[in-house]
Amino acid sequence: MALPATAEAHGHGHDKPAYEDLQLLAINDLHGNLEPPAGSSGNINEIDPATGKTVATPAGGVEYLATALRQAREGHRNSVTVAAGDIIGASPLISGLFHDEPTIEAMNKIGLDVSSVGNHEFDEGSAELLRMQKGGCHPVDGCYEEGREFEGADFRYLSANVTSEKTGKPLLKPYWVKNVHGVKVGFIGVTLEGTPNIVTAEGVKGLKFANEVETINKYTAELKHQGVNSVVALIHEGGYPASNVYNYDCGAGGSGISGPIVDIAKRIDPAVGAIVTGHTHNAYACMIPDPNGVPRSVTSAASFGRLYTEIDLKLDKHNGTIVRPSVTAANHVVRRTVDKAPDMTQLIDHYRTLSAPIANRAVGYISADINGRGSTALEKPLGDVIADAQLAGLAPADKGGAQVAFMNPGGIRSDLVFKASGSEGDGVVTYGEAFTVQPFTNMMQVKTLTGAQLVQLLQQQVSGLNDAAPKILQPSANLAYTLDMSKTGAARVVVDSIKLNGAAIDPAASYRVAANEFLAGGGDGFPAFAAGTNKLVGASDLDLFTAYLGSHSSVTSPLTVPAQTRIKVLGNGTDVD
């Protein structure tokens, strides 16, 4: 793209270039997926140039991501690798078993320079996040190998809008400045303001989460005061593009994208030259107007290391700013056809060997893929299985007497894939695969809710905090109802259609309801859960899941894919979690 004449006039003679080129390579929401994600969770949608049809391409895996990033840096004098949070947390067993130390080590080797924190960086609390940055052995599990201590992240984690309630100071640095051959570039990192709503209370204890826009504008002003006029924002919050292909450009004026990031981008200081986002696991490379109505690059690289974004920009050496019209951005698929990076293969093999005795144990059998994360339906087959497992484990009187169970869709982190991932055989579900689906090891709870509260719970899926982006709970098999997505807010739940064991809900009656501790505490925008009484704490969600797989399947009688008949959806019902 040609530069404006006013910008070209900033040169100081032919021997001194007026601009410094800078390449940014961006990822987000890796979630510890060191190995290629299995099943549909490991695919990226793209248009086949030969047929014009959308095809699903297998992508991701840090062995391929490392190669792709290293190849992308070739020929670039200045290159910075950035991330927009959730690099760790909700990780498969090969990383999660070791409290995500393997993923931090992989990012060190891959050359990550800086990342905002995401909500999942707080899964194990602020002290554990600080350990990820600074290093040291786990306070409970210790060091995983004799004589080898975890060294922490070589890259800088940023948490500009996360402050200590006691001191008022940011938990981690608010920004990081890179000197690019005389031009200083500042990177400000924030997570979504609503992090406390989607993380356990223990994870965010003692912390405050400020508004994303106010925080970024505050630190942009601070950086400019220090003479840093080039600023990039790393935001763990995102949008919902109208297309699910990896290179969607969102159309003219960003009209093809919705969600929180749109309003955020429109209010961020124009001095911020590019915005790197995440959280929604979507792929886009958009131009969204800034407060002055000037288009600005806003990008997201899906999730699980299946994409990276290349953002190229010019830095004005005269005034130190990003030349906004020069900024270009494109997503690139991390194809599994490139050579594997040997150092990543070595790292994966190392932790695979350490985790093998636990990971490879068979816990159940399935007859076909049971999709969870990879399903776009509001009722996911794997969500049905998980809810059934929770009800089965907590229905006995001494276990809580649960009468119905609900699973939050965001807690389903993967699919159960029929094809063998190793030597276990097709249709065999290993403990490692079950862990990848349910990696949080949340303790289960059973609470008493009135019938009226149970109805409120269902209505809160599509109203209140979840009005704009519904979060449809996955119910156990004994509950059925109708959602009418052509209506708005709570009215989307057809109250007269709600049936538990075939009977209507009695508003005055009491019901024992099971859910994981995050959901039962009111997480994900469900205050009706928090209002429940007579709490009984049960086994972990993972233990109930593996127990159910073991007791409800065998080699000769594998678990079949549930029919998605619990939630009848009218209108345009698509998954937006």
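In which sense do β8 and strand β9 pair, and over how many bridges? The sense is antiparallel, and the pairing of β8 with β9 (residues 183–191) runs over six bridges. The model described here is predicted.

**The sheet and its helices**

The β8–β9 pair belongs to an open sheet of six strands. The strand order is β8-β9-β11-β14-β16-β15, and the pairing is mixed. β8 (175–180) and β15 are the edge strands. Each has a single partner strand, so one side of each is left without a neighbour in the sheet. On average, neighbouring strands in this sheet are turned by 20 degrees against each other, direction ignored.

Two helices contact this sheet. Helix α7 (residues 212–225) lies across β8, β9, β11 (230–236) and β14 (272–277). The direction of α7 is at about 160 degrees to β9. Helix α8 (residues 260–267) packs on the sheet and touches β11, β14, β15 and β16 (295–301). The direction of α8 makes about 40 degrees with that of β15.

**Disulfides**

A disulfide is a covalent bond between the sulfur atoms of two cysteines. With sulfur atoms within 2.5 Å taken as the rule, the count is two disulfides. Counting bonded cysteines along the chain, the pattern is 1-2, 3-4.

| Disulfide | S to S distance |
|---|---|
| C137 to C143 | 1.5 Å |
| C250 to C286 | 1.7 Å |

Are the cysteines of the second pair, C250 and C286, buried or exposed? C250 is buried, at 0% relative accessibility. C286 is buried too, with a relative accessible area of 1%. In the other pair, C137 is partly exposed at 26%, and C143 is partly exposed at 36%.

Where does the C250 to C286 disulfide sit? The sulfur atoms of C250 and C286 are 1.7 Å apart. C250 lies in the loop between β12 (240–241) and β13 (257–258), while C286 lies in strand β15 (residues 283–289). The pair therefore ties together parts that are 36 residues apart in sequence. Strand β15 is also an edge strand of the six-stranded sheet.

**A helix crossing**

Two packed helices are described by the angle between their axes and the distance between the axes. For helix α10 (residues 381–394) and helix α15 (residues 541–551), the axes come within 8 Å and cross at roughly 95 degrees. Angles of 65 to 115 degrees count as roughly perpendicular, and α10 and α15 therefore fall in that class.

Which residues meet there? From α10 they are L382, V385, I386, D388, A389, Q390, A392, G393 and L394. From α15 they are D541, L544, F545 and Y548. By class, this contact has nine nonpolar, two polar and two charged residues.

**Two buried residues**

S41 lies in the loop between β1 (19–27) and β2 (43–47). S41 is buried because its relative accessible area is 6%, under the 20% cut-off. Leaving out residues up to four places away in sequence, S41 touches F304, R306, R373, G374, S414 and D415.

A528 lies in helix α14 (residues 527–530). At 3% relative accessibility, A528 is buried. L457 is 71 residues from A528 in sequence, yet their C-alpha atoms are 5.3 Å apart in space. With residues up to four places away again left out, A528 touches L449, Q453, Q456, L457 and Q460.

Conventions
Residues numbered from 1 in each chain as written. Predicted model: local features only at pLDDT ≥ 70, side-chain atom pairs only at ≥ 80, totals over all residues. Heavy atoms only, no water. Buried < 20%, exposed > 50% of the residue type's maximum accessible area, 1.4 Å probe, protein only. Helix = DSSP H or I, 4+ residues; strand = E, 2+ residues; numbered from the N terminus. Pairing = 2+ DSSP bridges. Axes fitted to C-alpha atoms, helices over the stretch in contact; angles between N-to-C directions. Contact = heavy atoms within 4.5 Å. Parallel < 35°, antiparallel > 145°, perpendicular 65-115°, else oblique. Nonpolar A, V, L, I, M, F, W, Y, C, P; charged D, E, K, R; others polar.
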